[in-house]
Amino acid sequence: MPQRSPRRPSASSAAPRPPRIGLALAGGGPLGAIYEVGALCALEESIEGLDITQCEGFIGVSAGGIIAACLANGLTPRELVAGFIENSSAPPDHFDPRVLLHPHWREIRSRLRRLPKLLGEAAWRVLVERRSLLGAIELLGQALPSGFLTSDPLAAQLKAMFSLPGRSDDFRQLRRRLLLVASDLDSGEAVAFGTPGWDHVPISRAVQASAALPGLYPPVLIDGRYLVDGALKKTMHGSLLLDQGIDLLFMLNPLVPYQVSPKERQLRAKPGIPKLVEGGLPVVLSQMLRSLIHSRLELGMRNYTHSHPGTDIVFFEPDHRDGELFLANTFSYRHRRELAEHAYQSTRADLLRRAPTLASQLAKHGLRLDMEHLLDPTRRLLDAWDTPSRSPAERALLKLDEILTLLEARAQQAAEAMEAEDNWAAEAA
């Protein structure tokens, strides 16, 4: 009797392919990195089945590139808290934001040496050639440094971090896909490190280029091209990762324009109440930059829904009315801890508010919201209540505020569920 050949498992009986999850992180300086670390901890601890370090791919721009490079190297969000927020990690994982504040003396001296010659040329143009004074002033602009700070210490710190056993400073040696985006200063073209032709550049050097904010840091010369902050072209560059066939993409944007509520607008109209304009040029420029960046992001998000309809995109950013993040001092150790905790708690509240929509969206990819975790008002990122700078009354008020925030999110969730149930009943009738 002939033997039967073994049955091949049908496509329906085969084990389902695990979801391909991606993570996109926008820039935002030290503040953006702190927000993203706190928010990532909230996401990983509130979504069952989500392991941030096991994402299929990461893409980062500017400060988001620092976090993305660390995650792709296997550092967990909690380890980033220890290294970036609490500074409790051993060197070189101990990251001090002051590494970003080293003056670029070589560039400054080089420009100053040009000043006498430029002054002579400017005087000649005005006094002899009778050209406009504005033209002479523009000529003197060449004496200004292309960046007042140097990012070389940042690159050195990251190189040391990624040289530890189990990590790599080479895109080609990583187990997970990593993309870091910079912009060509001369053409405005986006350069995606980690893609063929650009994956030979060390990760630490790519981060340095992606975070070279014009005016603060000089362009980074790589392969004959001067490269600057990746946000010069786009805010997120999420399409580079979406094109890899990602099923679910988490996107974090830490920079949003501050939106004054109607109640605050009425208060600020009264004499003696400070207004944004009273913050001077830094606050005005910050609000303008945030508005420009965010408008581009909104346009990109709309394009993603049309260009990649098969990918679920879950987007997180701070509340636009959140003045604590807008006016934060990120170089203060105490404020770094408070801001990270604030990002952690606000992301948990956001998850709770959006639970009815997110639950079904995440379930398609084998993920589930941990409602017990989200409803627990005692959950914290850091043990901040022992901070000496806070009185017992202040600590009690802060804790009460967190509990009220969670309760408000829970009430909004219940109201949305009731509204959905009423709509269903009306349609059924």
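Leu 281, Leu 285, Met 288 and Leu 292 form a nonpolar patch on the surface, with about 400 Å² of accessible area together. A patch is made of residues with over 30% relative accessible area and no salt bridge; like charges are joined within 9 Å, and nonpolar side chains (Val, Leu, Ile, Met, Phe, Trp, Tyr) within 5 Å. Accessible areas come from the Shrake-Rupley method with a 1.4 Å probe, and for residues only the protein chains shown count as cover.

This is a predicted model: local features need pLDDT of at least 70, side-chain atom pairs count only at pLDDT 80 or more, and totals for chains, interfaces and linings use all residues. Residues are numbered from 1 along each chain as its sequence is written, and side-chain values use heavy atoms, with hydrogens and water left out.

Look at one member of the patch. Leu 285 sits in helix H10, residues 280–307. Helices (H or I, at least four residues) and strands (E, at least two) are DSSP runs, numbered from the N terminus. Leu 285 has a relative accessible area of 41%, so it is partly exposed. Buried means under 20% relative accessible area, exposed means over 50%, and partly exposed lies in between (1.4 Å probe, protein chains only).

Now turn to charge. Side chains of opposite charge can pair when their charged atoms come close. The structure holds 17 salt bridges. In a salt bridge, a side-chain nitrogen of Lys or Arg lies within 4 Å of a carboxyl oxygen of Asp or Glu.

Start with Glu 56 and Arg 20. Their closest N and O atoms are 3.4 Å apart in a salt bridge. This pair links distant parts of the chain, 36 residues apart. Glu 56 lies in the loop between strand E2 (47–48) and strand E3 (57–61), while Arg 20 lies in the segment before strand E1 (21–25). Glu 56 is partly exposed at 33%. Arg 20 is partly exposed too, at 26% relative accessibility.

Next, find Arg 368 and Glu 48. This salt bridge has its closest N and O atoms 2.8 Å apart. Its partners are 320 residues apart: Arg 368 is in strand E10 (residues 368–369), and Glu 48 is in strand E2. Arg 368 is partly exposed at 47%, and Glu 48 is partly exposed at 34%.

Arg 131 and Glu 129 also meet in a salt bridge, at 2.7 Å from N to O. Arg 131 has a relative accessible area of 46%. For Glu 129 the value is 37%. Both count as partly exposed.

Finally, look for a network. Salt bridges link Asp 184, Glu 189 and Arg 225.
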